[in-house]
Amino acid sequence: AAHRDSVRRGGGAGGRVAAGMASRTGRGAGVECSGAVPGGRGRGRGAAVTARIGAEAAAAGCDTAILQSSAMGLGVYERLGYRTVMTYSAFTRTAG
């Protein structure tokens, strides 16, 4: 059965600037919706929230965590120990 962990938020003097969450299934965790608002980027708060999500998943028995990254977030995730195992392209088509 899948478990949804509670949402984690990182704040500072300016309020909440980062958030993320994870879904756990068995020994795997999917890190989802992790990021920081534009004004809060570059301060390590998004990385701190993501690291805490990973630590909580590990404490719950997960030995694998997966996520999808934007180009902007890739360096953050690599610094946290994530590695690229595959890449993919997404395509859209507009009407007309």
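Predicted model: local features only at pLDDT ≥ 70, side-chain atom pairs only at ≥ 80, totals over all residues.
**View 1. The largest pocket and its centre.**
Start with the largest pocket, which has a volume of about 580 Å³. Its lining is made of 17 residues. To find the middle of this pocket, look for Leu67, Gln68, Ser69, Thr84 and Met86, the lining residues that lie nearest the centre.

**View 2**
Strand β5 (64-66) and helix α2 (71-79) each supply at least two residues of the lining of the largest pocket. Helix α2 gives the most, with four residues. Sorted by class, the lining of the largest pocket holds 10 nonpolar, five polar and two charged residues.

**View 2. The second largest pocket and its centre.**
Here we move to the second largest pocket, with a volume of about 480 Å³. A total of 25 residues line this pocket. Nearest its centre you will find Ser34, Gly35, Gly73, Val76 and Tyr77.

Which elements give two or more residues to the lining of the second largest pocket? They are β4 (28-36), α1 (45-59) and α2. Strand β4 gives the most to this lining, with six residues. By class, the second largest pocket is lined by nine nonpolar, 11 polar and five charged residues.

Keep an eye on helix α2 as you go back through the views. Helix α2 gives four residues to the lining of the largest pocket, and α2 also gives two or more residues to the lining of the second largest pocket.

Definitions and conventions. Residues numbered from 1 in each chain as written. Heavy atoms only, no water. 1 Å grid on protein atoms, 1.4 Å probe; cavity = no way out; pocket = protein on both sides within 12 Å on 5 of 7 lines; lining within 4 Å. Points joined across faces, edges and corners; volume = space filled by probe spheres on them. Nonpolar A, V, L, I, M, F, W, Y, C, P; charged D, E, K, R; others polar.
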